[in-house]
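Hello,

Here is the structure we talked about. Please look through it, then read my notes below.

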Amino acid sequence: MGITAKELAKKLNLSEAAVSMALNGKPGVSTKTRKTVIEAAEQLGYDFTRISGRSKTTGPITFALYRRHGAIVADTPFFSELSEGIQQKCKEMGHKLNITYLYGDETIALQVEDIRYSDCIGLILLGTEMRPEDFTPFAELNIPLVLLDVYLDNVNRDCVLINNIQGAYRACDYLISRTKKQPGYLRSSYPISNFEERADGFYKAVRANGMSSSKSIVHALTPSIEGAFADMTEILNRKEELAECYFADNDLIAIGAMKALQKAGYRIPDDIAVVGFDNLPMSSYLEPSLTTINVPKRYMGEMAAERLIQLLKARQFVPVKLEVGINLVKRRSV
């Protein structure tokens, strides 16, 4: 016969109220105490079906942003639209949403433990900056989990993402068709799997148009407007060779580079054409407006939340990969 909550409290030298709050996932005890109580309960055979009202289908959902090197910032339009989609779907389905950052440093195991022993019933993990090995601490989580904006090899979890290769191919192919020139590449200086896939799509389009990929001029820029502006300004000051048209890994890079080029006296698209990726709201307000790949960010958030809520109710788990469609938005920068 397993241990009772009263016996567990006595054994751990805790109050019965503290043990009850820990077992029921209620506030009032520290994460450390909750962890101690649950681990002891599991080891000593506590019958968790005794917990009244305990259900994995009700409770708060956590949206966690994994930060490996700081490319993900909460106040960017990309994050904001993803977050809005998740919040809307959770609200419709009656779930509270908690938003948190997770940092890929030596404390990540403890950060994941905090989620495990909280009252969170499901996790949406923004894995834009993640590598397959970064998922290891999450592998033992016993709650439903959906990866957002990334696919990780050998990770047996649901994911919601776009086809980055296809998007970059379309953007580059359109750029070449309009300019008839060898395209340059404004590549992120941060190593992110999505950008690596976009590089694959870019070079595939270059080769498909009968051009040599080795002849494309590549500039590594910080993936933010300010960072890309500063990096491109340095490139211009050093008088490095420029391409007559560019594909950028994202709109932030494209916008920062355009501002630097315009400040240096280049006309867009007359002298240099530019195409971006993401279709951030500001892309339509630039002068000239930015041709870009539209990523339905809010819809991606909605799909991630909807899939997670389905998992909470599912009797069996079969991982799925949900790929959200993208399209080219033609504006005046090309």
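R307 is buried, at a relative accessible area of 15% (buried means under 20%, exposed over 50%, partly exposed in between, with a 1.4 Å probe and protein chains only). This is a predicted model: local features need pLDDT of at least 70, side-chain atom pairs count only at pLDDT 80 or more, and totals for chains, interfaces and linings use all residues. Residues are numbered from 1 along each chain as its sequence is written, and side-chain values use heavy atoms, without hydrogens and water.

R307 sits in helix 10, residues 297–313 (helices are DSSP runs of H or I, at least four residues; strands are runs of E, at least two; both are numbered from the N terminus). Beyond its neighbours within four places in sequence, R307 is in contact with V146, D158, V318, V320 and L322 (heavy atoms within 4.5 Å).

Now the rings. The structure holds 10 aromatic pairs (Phe, Tyr or Trp rings, the six-membered one for Trp, with centres within 6.5 Å; planes under 30 degrees apart are stacked, over 60 edge-to-face, the rest tilted). F63 and F79 are stacked, 5.9 Å centre to centre with 10° between the planes. F63 is in strand 1 (residues 61–67) and F79 in helix 4 (residues 77–92), so the pair ties together parts 16 residues apart in sequence. F63 is buried at 0% relative accessibility. F79 is buried too, at 9%.

Y185, F202, Y203, F247 and F277 form one aromatic cluster.

Best wishes
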